[in-house]
Each structure stands twice: as C-alpha cells, then as structure tokens.
Amino acid sequence: MSNSTTVPVNGGGLGNPKWDKSFLGHPLGLMTLFFTEMWERFSYYGMRAILILFMVAPTETGGMGFDVVKAGAIYGLYTASVYLLGPPGGWIADNIVGQRRAVFLGGVLIAVGHGILSLPTQDLFYWGLLVIAPGVGLLKPNISAMVGQLYRKGDPRRDAGFSIYYIGINVGALMAPVACGYVGQMINWHLGFLIAGIGMTLGLVQFWLGGKFLGTAGVVPGGAPTPEARAVARKRGFTGGLITAAVVAAVAALTGSGAVNVSPEDVANIFGIILVLVTLGFFGWLFGANSWTKDERNKLIVVTIFFVAVIFFWSAFEQAGSTLNLFAERNTRNEVFGTAFPASWFQSVNALFIILLAPVFAALWMGLGKREPSSPAKFAVGLLLVGAGFALMLIPADDAQNGSLVSPWWLVGMYLLHTLGELCVSPVGLSAMTKLAPERVTGLIMGVWFLGPAIANYVSGRVAGLYESMPLTELFGLVTAFAVGSALVMAVLVPWAKRLMGEVR
C-alpha cells in the first residue's frame, strides 16, 4: 500500500485508518491474531515437550510405561492427526462457520482436551488427544488465513507481517517447555498438561476481546457466501461428522470390550496408508477440477512442489519432539554452568533462536527489495540447513550410542541450523500459500499446507520407534541424506517454479 490512509480489504481496522499501522507498522488486527496464536502454540508445544517422555516414563513415576516403539507410534499418530485435520478445518470455515468462528471453536476443543489430560487418571489419555486434534485442525489453518486477509493484494508488508506473526508462535513455544516441561517432569505430569490448557484458555479470552480489531476478516465463509450454499454445506458437514463419530465410537467400543485387539502400532500402520490415500485423493481432485484458469493451475503446481518440499523439511525438523527429545533425555548431559535442567527445556531453544533471528530475516527480506531470493530458492536453502543440522549430530552420535552423555551444546548448535532453515521455509511458505491459493478455496489450501506436516510428523513418530533398534549414526545419517538430497532437487526446480508463480514472489 502506498500510504497509511488505506485500510486493508477485509478488516484490520474496521474502516478506521489509524488502525492500519497501529501494531508495529501493521494492522491492529495482527495483534489479536499474534497473541491468540501465541497461546495456542503455548498449549501445543507445552504438551508436545512432555508427551513422548510421559509415555515412556515408568508407571511408578506417574508415566504410561510404554516402550519406545509404542510411544513413537502414538506420538506420530497424534501429531500427524493435528495437521491432517487442517483441510477439514479449512473446509468447515470456508463453507459453514467462517474462519473466525472456526478459530474460536478450535480453541475451546483444545482447552477441553488438555483439561482431560490433566485429570489424574491414565484411562482418559487417548480421549484427551482425540479432543485436542480436531481443535488444532480448526484453529491452525484458519488463523493463518486470517493474517493474509489483513492486507491488500500486493501489500509489501505481507511477508513481514507473517514474520511478526511467526514471532508470536515462537514466544508461546519458548515459554511452554519451560513451564509445562518443568512442572510435568519435576512435579507431576498431569499438572504439566493442565498448564498447557490454561494457556489456551487465556488465548480464547484474548481472541474474544480483540475481535473488534479484525474488522470483517474471517466472518463470511468465502466458499459459501449465500445462506443457501451454507445450508447445503452444513448438511454435508453434519453427515461427515456423524459418520466419523460413529466410526470412532465403534472402534473404541470394540477395543474396550476386547472383541478386537488393535495395538497402537497397528493403528499407525493403517493411518499411514490413510495419509497416502488422502494426499493422493486431494491432489487428484484438485487437478481434476475444470474450474481453474491457466494462471491458477500453474500456481497450484507450485503449491504441490512446496507441499512435497515441506514434507521432507518437517520430517527432519519435527524429530525435535520425538527422536531428539529422547536423545536429550537419555544421551545428553543436561547441565549448563553447573545447573541441571529437565530434558524438555531443549524444546525452547529453537523458539529462542526464532525470536532473536526472525526480525533479522524480516528486515533482510525487506532490505533486499528486488534482489530478495524467490520463495522456491528459500525452500532449497532451508532444506539444506536442516540437513546440515543432522550432519552436525553425527559427531556426538558415536559417543552417545556407546553410553557416554554428550555435551548439550551439540543440540544447541543443531537447533541453530534448524532455526535458520525454518526461517527460510515456514513463514515464507505461509505467506506464499495465501498468495498462490485461489480466493474461493483459501482456507482449504491453508489446510492442505498443514497436511504436509501431518505426513512429516507421522514419519517423525515412526522414526522415533527406531531409536533403540538402529545405531544413532545410521539414524541421523539417513535423515541427513534425505534432507540434503531434497534440497538439491529443489534447487534444480527453482527456475521452473518461478515461471509458474508469475507475479508472485
């Protein structure tokens, strides 16, 4: 935009020009979304920091007493489900309730799910996870889409706005492991989950009070703008929800009665097949539709390229909560300057680096102007950096698998490289999706963007199951090879992807 008197299309300022640059030079509505996402990520990363550690902890210490294979399968199932439910969450927002109501409803489910996990019983453990997952699926893609709606098309502040928003994510991710991790590991696991739920509740209150700054952003379902279209969508959504609930209830009843013996590993295997089928089915539908213009179809090809790239990136990066969390607990000397700390605190290192470096990257992209690297080029660099992080871990891996406790600075160095890679991929990818997605399916495309991390988190959990059966040098070496190889392929595709993107950069 050329001046501060222009108000973003869908809100940000409710027609009040003074709100257009009231939050760090951005629409005031960005503040509302910033803090809502901050508390949602507090709840997610707080719980994730202790989840696999809680599952493998002995029952006499209040843990679940699972072996690593079972815990890894459950971890992968949960974290993948969180993202897999993004596309349905986007569809519900696009066609039934709008993005704003979807965000609020998702937050309620997340808070309730953590409340269930906080109860001093292990019998409700799976039910807590089942409630949280659809809550994140409703909230996560739709709040990101609302950030894009605060800016007019072509507004040069958009990428910087997403970088600021990304700081909010990481403020929550920084605080969460420190609070939930310490309480969970040192005092009581269930109290750790309770603190995560309190965080989401604070986010809901903030979102409700700050809604006036969002203008009309996220109010009207973009894919069903008329009451008739919404009525049809509601009928379809109700039918799908009823079928899903019936299937879940039937499986739970059969398993609980002992009529069917299904292990988490069996469920994980079936879930992996479903992930593949859902992905192929969605992209088959996407490119089989005849409603796209040539320009839209070209941009959807780039969406697909980015989608595959983020699978490789997050498959390596998301080892943080699984494989690397186990490495921190079992193979690392968790002491700095004579002060001991719980292993879950390593989960805050990445967030700390993000907070320190995100403003630098935002200023860098703005300062480079026309010389700024394209989004595909940034993806290639990000993949290379996440591979370099695991390559670094090959050095202490040999000592660790021989029983020695290694210095915590190896993990810190790895997280620095991973953070640099993340800043080249995640905020850039979020911004690119809002620019590449056709307006009538923005929420759905944002949901699909999170389907990539669903597959990656599933892989992360299954890889964690190999922690005790594969030498660490081989395990880390395999992850390194996949990340670096995908970076080279992405680098080759950069010129073609740039042509397909047209005016989008």
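Let me start at T36, which lies in helix α1; helices here are DSSP runs of H or I with at least four residues, strands are runs of E with at least two, and both are numbered from the N terminus. This is a predicted model, in which local features need pLDDT of at least 70 and side-chain atom pairs count only at pLDDT 80 or more, while totals for chains, interfaces and linings use all residues. Residues are numbered from 1 along each chain as its sequence is written, and side-chain values use heavy atoms, with hydrogens and water left out.

Back to T36. Its relative accessibility is 2%, so T36 counts as buried. The cut-offs are under 20% relative accessible area for buried, over 50% for exposed, and partly exposed in between, with a 1.4 Å probe and protein chains only. What lies 170 residues from T36 in sequence but 6.5 Å from T36 in space? That is Q206, with the distance taken C-alpha to C-alpha.

Next, the aromatic residues. A pair of aromatic rings is described by the distance of the centres and the angle of the planes. Rings of Phe, Tyr and Trp (for Trp, the six-membered ring) pair if their centres lie within 6.5 Å; planes under 30 degrees apart are stacked, over 60 edge-to-face, and the rest tilted. Over the whole structure, the search finds 22 aromatic pairs. One of them is F34 with F35, edge-to-face, at 4.9 Å centre to centre and 75 degrees between the planes. F34 is buried at a relative accessible area of 10%, whereas F35, at 29%, is partly exposed. W39 and F42 have ring centres 5.4 Å apart and planes at 65 degrees, so this pair is edge-to-face. Both W39 and F42 belong to helix α1 (residues 29–56) and sit three residues apart, about one turn of the helix. An α-helix has 3.6 residues a turn, so residues three or four places apart point the same way. F42 is buried, with 6% relative accessible area.

Ring pairs also join F54, F125, Y126, W189 and F193 into a cluster. A ring can have a charge over it as well: the charged end of K70 sits over the ring of F66, 4.0 Å from the ring centre. The rule there is NZ of Lys or CZ of Arg within 6 Å of the ring centre and within 35 degrees of the ring normal.

Now the salt bridges. Side chains of opposite charge can pair when their charged atoms come close. With a salt bridge taken as a side-chain nitrogen of Lys or Arg within 4 Å of a carboxyl oxygen of Asp or Glu, the count is six. Among them is K140 with E37, whose closest N and O atoms are 2.2 Å apart. This pair links distant parts of the chain, with K140 in helix α4 (residues 125–149) and E37 in helix α1, 103 residues apart. Both K140 and E37 are buried.

R41 and E40 also meet in a salt bridge, 2.6 Å from N to O, and both are buried. Then there is E318 with R48, where the closest N and O atoms are 2.5 Å apart. E318 lies in the loop between α9 (294–317) and α10 (323–330) and R48 in helix α1, so the pair ties together parts that are 270 residues apart in sequence. E318 is buried at 3% relative accessible area, and R48 is buried at 5%.

On to helix α16 (residues 472–501). Its 30 residues should span 44 Å, and its end C-alpha atoms are 40 Å apart, which agrees; the expected span is 1.5 Å times one less than the number of residues. Where does α16 bend by about 50 degrees? At V494, with a proline, P495, following within four residues. The bend is the angle between axes fitted to the seven residues ending at a residue and the seven starting there. After α16 comes G502, with a positive phi near 65 degrees.

Last, F337. Most residues other than glycine have a negative phi, and most peptide bonds are trans. F337 has a positive phi, near 55 degrees. F337 is placed in the loop between β1 (335–336) and β2 (339–340), and at 79% relative accessibility F337 counts as exposed.
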